[in-house]
Amino acid sequence: MPRIVSFLPSATEIACALGLADSIVGITHECDYPPEIKAKPVVVRNVLPIEKMSQGEIDRAVAERMREGLSLYQIDEALLRTLAPDIILTQNLCQVCAPSGNEVSQVLKSLPHAPEILWLTPQSVSEIFDNVRELGAATGRTAEAAQLIENCNVRLEQLSERMKSVAERPRVFCMEWLDPVYASGHWAPELVKHAGGIDELGRERGESVRVTWEQVAAWAPEVLVIMPCGFNLQQTMKQIWSVFGFQRSSAARAFFDLPAVRNGRVYAVDANSYFARPGPRVVEGAELLARLIHPELFADQPLPPEFENAFQPVDTNLLAGSVTETTDYYVENGAWVFTSNYLKRRGYCCGSGCRHCPY
């Protein structure tokens, strides 16, 4: 079996889906699926402490490092030499998402023997499946790759067939970053199509792009799905409150004027699991979007277990500052104490040791 080092969480997921978990000898700090993979040695770490930064701070720090020609990742070259991989899985799609291009080329010079490099750089769902096929061919898992791709295509075809009964396709906006606002690109607008919606702010098979609030207002999305790249559900909810909470900023005021917000059709999702990573779970991402865009089609079906922590409707009234005593808080010795009900609807743990914290 080949010794595999993955510089990319989506590549790790694909390899595991092909039954190659035991062959993986090194991963990135972001590789967290399947959960058992987290015990592997970490070869790549983020340079920036993004878990402690706001989205605006992250955007500015990333832009500064890019201008200065600095990497966003630190590769443990000594560990990599010790692991002696036969195959390295990486990408050249986005310098923000993982080590890429020149970074990988420089690291290879330090290795005693040159491993095979698989560049996984998809722009669409079909190209994600091409990557699965390529990894299968490189590791002797051709049959497993073919079966995985067939299963994914069957599910997408079933979803598309179901959407033929839809009378109207709502205007959807998949917000890939909140501050500043970015529209999704690559495969995300394609997933929206499979799910019975349309996102004309997103660029299918293109890069995610920065958009203005005027552009978002002109599109007037009926469904808003907030999926910041690199964030899970709790992290996404925390960023929503940081950027839009209590209508304190011009961005927040523009946000609250959108039709989707006025009609209570705003959803936060686990972007890491279902949208940001180009692996097999983007199919589940399309299925999740279908439930959010067309809930009427699934009213008589229970929510699949995998989606129980995959999304949360954003309580826009709560976000705007509307709270009710006893339901959301009570007063004790002159101080407000938030209830479990409030904290659940807020959607994230603030780390302050709240008495009724449900997380």
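A crossing of two helices is right-handed if the near helix is turned clockwise from the far one by less than a right angle. In this predicted model, helix H5 passes helix H6 in such a right-handed crossing. H5 spans residues 125-138 and H6 spans residues 142-163. The two helices pack at an angle of about 160°. Their axes lie 7 Å apart. Angles over 145 degrees count as roughly antiparallel, so H5 is roughly antiparallel to H6.

The contact between these helices involves named residues on both sides. H5 contributes Val125, Phe129, Val132, Arg133, Gly136 and Ala137. From H6 come Thr142, Ala145, Leu148, Ile149, Cys152, Asn153 and Leu156. By class, the contact of H5 with H6 has 9 nonpolar, 3 polar and 1 charged residues.

The model also contains an open sheet of 6 strands. The strand order is E4-E3-E2-E1-E5-E6, and the pairing is mixed. E4 (73-75) and E6 (116-119) form the edges. Each of these two strands has a single partner strand, so one side of each lacks a neighbour in the sheet. On average, neighbouring strands are turned by 15° against each other, direction ignored.

Both senses of pairing can be followed strand by strand. E3 (residues 42-46) pairs with E4 in the antiparallel sense, over 3 bridges. Here Asn46 stands opposite Tyr73 of E4. E1 and E5, by contrast, pair in the parallel sense over 3 bridges. Val5 has Ile88 in E5 as its bridge partner. E5 and E6 also run parallel and are joined by 4 bridges. Leu89 stands opposite Leu118 in E6.

Helix H1 (residues 9-17) touches E1 (4-6), E2 (24-28) and E5 (87-90). The direction of H1 makes about 150° with that of E2. H5 touches E5 and E6. The direction of H5 makes about 165° with that of E6. H5 therefore packs on the sheet and is roughly antiparallel to H6.

Strand E5 is touched by H1 and by H5. Which way do the side chains of E5 point? Ile87 and Leu89 point one way from the strand. Ile88 and Thr90 point the other way. All four of these residues are buried. In a regular strand, side chains alternate between the two faces of the sheet. Within E5, Ile88 is the bridge partner of Val5, while Leu89 stands opposite Leu118 in E6.

Methods. Residues are numbered from 1 along each chain as its sequence is written. This is a predicted model: local features need pLDDT of at least 70, side-chain atom pairs count only at pLDDT 80 or more; totals for chains, interfaces and linings use all residues. Side-chain values use heavy atoms; hydrogens and water are left out. Axes are lines fitted to C-alpha atoms, for helices over the stretch in contact, and angles run from 0 to 180 degrees between N-to-C directions. Angles under 35 degrees count as roughly parallel, over 145 as roughly antiparallel, 65 to 115 as roughly perpendicular and the rest as oblique. Contact means heavy atoms within 4.5 Å. Ala, Val, Leu, Ile, Met, Phe, Trp, Tyr, Cys and Pro count as nonpolar, Asp, Glu, Lys and Arg as charged, and the others, Gly among them, as polar. Two strands pair if DSSP finds at least two bridges between them. Buried means under 20% relative accessible area, exposed over 50%, partly exposed in between (1.4 Å probe, protein chains only).
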